[in-house]
Amino acid sequence: MPNSRDPLIVGGIVGDIVDYFDASARLRVLYGNREITVGSELRPSQVANQPTLHITGRAGSLYTLVMVDPDVPRPSDPCEREYLHWFVTDIPEGGDVGRGTEVVAYERPQPIAGIHRLAFVVFRQVAREAIYTPGWRSNFVTRDLAECYSLGAPVAAAYFNCQREGSCGGRRWQG
């Protein structure tokens, strides 16, 4: 049953990117030595380098990770929703994402207007299989990826907020 206080629902990740799901794995995302919490605020300079990710869940499982920005080019007009920043498959349970197969290389976020949400979504794979590189980064659809490769519902997700350097502004979400 969806909880209206769930930060993934409040932040619009559930709805804009994925449907509601029951988390069955744990995702840790670290930029340098800073672990992000859901809804953290980071600047592009803080996320310039690929993060370290650890996924823990069911022993022996493999996972697929996508990192997307649903607010491109600007939150008020996300006509390029979703922008694919990173795509990795075959990540072993308990292992770092670096042990997986990088399908699309990490591209650092560079928002030009407004506060953008950058979401990490994790799926449990049924088996190791060839997953092909999408032909584009803009207008990527996480739900379509999950359907195309029979990934099912996500098992974990996290997100942070990011705006261009030197910008000021309050929170993105308005209740």
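Me: In which strand is D90 found?
Reply: This is a predicted model. D90 has a positive phi of about 55°, although it is not a glycine. The element that holds D90 is strand β6.

Me: Is D90 buried or exposed?
Reply: The relative accessible area of D90 is 7%. Buried means under 20%. D90 therefore counts as buried.

Me: With which residue does D90 form a salt bridge?
Reply: Side chains of opposite charge can pair when their charged atoms come close. For D90 the closest N and O atoms of the pair are 3.7 Å apart. The cut-off is 4 Å. The partner is R128.

Me: How many residues apart are D90 and R128?
Reply: D90 lies in strand β6, and R128 sits in the loop between β8 (116-125) and α3. The pair links distant parts of the chain. The separation is 38 residues.

Me: Is R128 buried or exposed?
Reply: R128 has a relative accessible area of 56%. Exposed means over 50%. So R128 is exposed.

Me: Where is S150 found?
Reply: S150 is not a glycine, yet it has a positive phi of about 50°. It is exposed, with a relative accessible area of 55%. Its place is the loop between α3 (142-148) and β9 (156-162).

Me: Which peptide bond has omega near 0°?
Reply: The bond in question is cis. P73, one of its two residues, is in the loop between β5 (62-69) and β6 (83-92). The bond runs from V72 to P73.

Me: What is omega for the peptide bond from R81 to E82?
Reply: E82 is in the loop between β5 and β6. The bond from R81 to E82 is cis. Its omega is near -10°.

Me: How far apart are the closest N and O atoms of D16 and R81?
Reply: D16 is in helix α2 (residues 13-16), and R81 is in the loop between β5 and β6. They are 65 residues apart in the chain. D16 forms a salt bridge with R81. The closest N and O atoms are separated by 3.7 Å.

Me: Which residues are linked with D16 in a network of salt bridges?
Reply: D16 is partly exposed, with a relative accessible area of 25%. R81 is partly exposed at 28% relative accessibility. Both belong to the network. The residues linked with D16 are D71, R81 and R117.

Me: With which residue does R26 form a salt bridge?
Reply: R26 is partly exposed, with a relative accessible area of 46%. The closest N and O atoms of the pair are 3.8 Å apart. The partner is E35.

Me: How many salt bridges does the count come to?
Reply: The pairs include D16 with R81, R26 with E35 and D90 with R128. The cut-off for each is 4 Å. The count comes to nine.

Me: How many residues has the largest nonpolar core?
Reply: In soluble globular proteins, nonpolar side chains tend to be buried together. Here L27, Y31, W86, F120 and F160 have the most contacts inside the largest core. The core has 25 residues.

Me: Which strand supplies the largest share of this core?
Reply: β1 (26-31), β4 (52-56), β5, β6, β8 and β9 each supply at least two residues. The largest share is four residues. That share comes from β9.

Me: How many residues has the other core, which holds L8 and V68?
Reply: This core lies apart from the largest one. Among its residues are also V121 and I131. Its size is 23 residues.

Me: What is the bridge partner of L27 in β4?
Reply: Five bridges join β1 to β4, and the two strands run antiparallel. L27 touches L53, H54 and I55, among them its bridge partner. In β4 that partner is I55.

Me: Which residue in the turn between β1 and β2 has a positive phi?
Reply: Two bridges join β1 to strand β2 (residues 34-35), and these strands run antiparallel. L30 has E35 as its bridge partner in β2. The strands form a hairpin with two residues between them. The turn residue, with a phi of about 65°, is G32.

Note on methods
Residues are numbered from 1 along each chain as its sequence is written. This is a predicted model: local features need pLDDT of at least 70, side-chain atom pairs count only at pLDDT 80 or more; totals for chains, interfaces and linings use all residues. Side-chain values use heavy atoms; hydrogens and water are left out. Buried means under 20% relative accessible area, exposed over 50%, partly exposed in between (1.4 Å probe, protein chains only). A salt bridge is a side-chain nitrogen of Lys or Arg within 4 Å of a carboxyl oxygen of Asp or Glu. A nonpolar core is a set of buried Ala, Val, Leu, Ile, Met, Phe, Trp, Tyr and Cys residues joined through side-chain atoms within 4.5 Å. Contact means heavy atoms within 4.5 Å. Two strands pair if DSSP finds at least two bridges between them. Lists of a residue's contacts leave out its neighbours within four places in sequence.
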